[in-house]
Amino acid sequence: VIIWMDLFEGRLKIPAIIVQAVIVQVFTQTFNIMSEALTDAENHKYQENYYNSYLAKMFIFQFVNQYCAFFYIAVKQQFTNRGCVDGDCVGMIRKQLPPQLLVLAALRVVQVYVATLTVEVKLWLEERAIAKAGGEPPRYCFVEKQSKCVKFRIREQIEVMTQLCLTLGYVLIFGAIVPAIVPLCFLVFVVQLRAGAVMLSTAANRTVPRLSMGIGIWRSVIHCLMFTGVVFSGYLFVQFEPMFTGAQILTKLSCLTMYSGLLIFWFVATDLMFPKRNSSVQTLEGRRDHTTKKLQEKVEAKMLERLMQKEVESIMEESVQTDSCKIRTRHLLEAQWDKIPTAIHGTPKRRG
């Protein structure tokens with residue numbers, strides 16, 4: 001961030017914003033590789049633990065990568081020799097945020113286009129190699145084309161969802177000072193979801209059906225963004241509001257603590273007054289669990305009955321075979337050859 005500021009001398013024009021967006025994308029790809037390698041090195045036993053660990057690393061890396069420049073402008077740049085442009089650090093953030101979001105959305109479209117083009121290039125190179133060898137150019141079916149596509153597994157799923165959460169974070173953290181990014185983030189959401197769908201249908205392997213991990217730890221990610229937005233908006237309030245000009249640090253810190261605590265209190269109070277789960281939902285879940293339990297008991301009883309019936313039939317069959325063997329043994333010992341059945345049906349018995 002400091003090198004980027006020095007390079008453009010704190011003047012955040014379009015070239016600077018484009019360079020910043022490119023830097024974010026480069027570090028994003030680097031962090032993706034690092035997160036996967038670190039999570040694999042942890043050697044988790046269960047998929048859920050692997051998923052949560054990978055998500056935690058990915059979110060922390062991307063949180064710093066996406067927002068550090070804006071935090072630097074708001075917190076640090078005002079105390080540097082260069083300072084903020086026209087002494088307005090909030091104004092710098094307001095000018096930079098919308099163009100950067102647009103550039104990030106455009107880079108996402110370019111990324112999907114490159115992935116799709118890569119698949120087509122691989123197929124074209126293979127057809128060219130076969131034609132040079134004197135063979136007939138193949139006609140690829142859907143399954144054959146899938147071999148040239150990229151994988152779309154847990155890592156890619158987390159990456160797509162992380163980008164959506166970080167886009168939402170721009171609203172939660174900076175929406176108070178840049179209200180215009182709210183509809184802009186909605187547009188970025190549309191672009192990212194559409195880009196993900198195109199990626200899945202044109203450049204990625206068909207995914208195998210599997211159980212979804214659910215919202216799970218993503219709820220913690222959203223809560224983290226919400227609390228960060230509360231603290232950051234409080235900081236901007238006490239740092240740049242004219243009424244706090246010349247105030248002591250202790251005064252500002254006390255007001256920031258009261259402001260953040262009051263908002264968090266309202267969050268908790270709202271959850272208590274309007275709970276996420278009401279009694280009717282709990283009743284329905286209890287009925288469903290009771291019905292499921294009774295069905296399982298009936299199925300288990302029926303299966304046990306069938307197993308017992310098969311066991312009884314098996315014992316009776318073994319008993320009949322045992323009695324038959326005893327009778328034949330007695331006939332053999334007593335030389336009663338006419339009472340011993342022949343091996344082939346219809347063969348006349350010999351008399352001794």
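**Surface, helices and selected residues of a predicted model**

The accessible surface of the chain in this predicted model comes to about 23,800 Å², and 64% of that area belongs to carbon and sulfur atoms.

Trainee: How many helices and how many strands does the chain have?
Mentor: Read from the N terminus on, the elements run α-α-α-α-α-α-α-α-α-α. The count for the chain is therefore 0 strands and 10 helices.

Trainee: Is Gln 192 buried or exposed?
Mentor: Gln 192 lies in helix 7, which spans residues 181–202. Its relative accessibility is 10%, and since buried means under 20%, Gln 192 counts as buried.

Trainee: Which residues is Gln 192 in contact with, leaving aside its neighbours within four places in sequence?
Mentor: Contact here requires heavy atoms within 4.5 Å. With those sequence neighbours left aside, the partners of Gln 192 are Arg 108, Gln 163, Leu 164 and Thr 167.

Trainee: How far apart in space are Val 64 and Val 24, C-alpha to C-alpha?
Mentor: Val 64 sits in helix 3, residues 47–75, and counts as partly exposed because its relative accessibility is 46%. Although Val 64 and Val 24 are 40 residues apart in sequence, the distance between their C-alpha atoms is 9.9 Å.

Technical notes:
Residues are numbered from 1 along each chain as its sequence is written. This is a predicted model: local features need pLDDT of at least 70, side-chain atom pairs count only at pLDDT 80 or more; totals for chains, interfaces and linings use all residues. Side-chain values use heavy atoms; hydrogens and water are left out. Helices (H or I, at least four residues) and strands (E, at least two) are DSSP runs, numbered from the N terminus. Buried means under 20% relative accessible area, exposed over 50%, partly exposed in between (1.4 Å probe, protein chains only). Accessible areas come from the Shrake-Rupley method with a 1.4 Å probe; for residues, only the protein chains shown count as cover.
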